[in-house]
Amino acid sequence: MSREITLEPSVMIEELMYWLHQNEMGGDFIDPDNRFFPLYLELQKLLDKVNNDRHDLYVSVKNDETK
């Protein structure tokens with residue numbers, strides 16, 4: 001069984017969040033008392049930042065604000 005490896009940061013963060021949620025947090029709901037909750041929360045913040053940075057770059061190139 002082979003799996004494609006993607007080195008895109010947002011995909012890697014999402015995969016790690018999914019793995020944490022399914023394997024360490026029970027997979028049903030996010031429990032704030034779980035020992036991995038702080039890590040999960042920081043990963044969500046990082047994912048938001050990566051997505052916002054990508055959007056900001058797209059907007060600035062589209063509007064020719066790169067000068």
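**View 1. I5 and the nonpolar surface patch of the predicted model**. I5 sits in the segment before α1. In this predicted model, the relative accessible area of I5 is 71%, so the residue counts as exposed.

**View 2. The whole chain, for orientation**. The chain has 2 helices and 0 strands. The helices are α1 (9-24) and α2 (37-62). Of the 67 residues in the chain, 19% are buried. The chain exposes about 5700 Å², and carbon and sulfur atoms supply 55% of that area. Contacts with a separation of 6 or more were also examined: residues 24 or more positions apart account for 37% of them.

**View 3. The largest nonpolar core**. Eight residues form this core: I13, M17, L20, M25, F36, Y40, L43 and L47. Both α1 and α2 contribute, each with at least two residues. In soluble globular proteins, nonpolar side chains tend to be buried together.

**View 4. L47 against α1**. L47 lies in helix α2 and belongs to the largest nonpolar core. Its relative accessibility is 7%, under the 20% limit, so L47 counts as buried. Which residues cover L47 from beyond its sequence neighbours? Leaving aside neighbours within four places in sequence, L47 is in contact with S10, I13, E14 and M17. One of these, I13, is 34 residues away along the chain. The C-alpha atoms of L47 and I13 are separated by 6.5 Å.

**View 5. L43 in helix α2**. L43 is another member of the largest nonpolar core. At 10% relative accessibility, L43 counts as buried. Not counting residues up to four places away in sequence, L43 touches I13, L16, M17 and L20. L43 and S10 are 33 residues apart in sequence. In space they are 10.0 Å apart, C-alpha to C-alpha.

**View 6. Contacts of Y40**. Residues up to four places away in sequence are not counted here. Y40 touches M17, L20, H21, M25 and I30.

**View 7. N34 in the loop between α1 and α2**. Is N34 buried or exposed? N34 is buried, with a relative accessible area of 17%. Leaving aside neighbours within four places in sequence, N34 is in contact with E24 and M25.

**View 8. The salt bridge between E42 and K45**. The structure holds 1 salt bridge. E42 pairs with K45, and their closest N and O atoms are 3.3 Å apart. Side chains of opposite charge can pair when their charged atoms come close. E42 and K45 are 3 residues apart in helix α2, so about one helical turn separates them. E42 is partly exposed, with a relative accessible area of 45%. K45 is also partly exposed, at 46% relative accessibility.

How values were computed:
Residues numbered from 1 in each chain as written. Predicted model: local features only at pLDDT ≥ 70, side-chain atom pairs only at ≥ 80, totals over all residues. Heavy atoms only, no water. Core = buried A, V, L, I, M, F, W, Y, C linked by side-chain atoms within 4.5 Å. Buried < 20%, exposed > 50% of the residue type's maximum accessible area, 1.4 Å probe, protein only. Helix = DSSP H or I, 4+ residues; strand = E, 2+ residues; numbered from the N terminus. Contact = heavy atoms within 4.5 Å. Salt bridge = Lys/Arg side-chain N within 4 Å of Asp/Glu carboxyl O. Areas by Shrake-Rupley, 256 points an atom, 1.4 Å probe, with all protein chains shown as cover. Patch = residues over 30% accessible without salt bridge, like charges linked within 9 Å, V, L, I, M, F, W, Y side chains within 5 Å.
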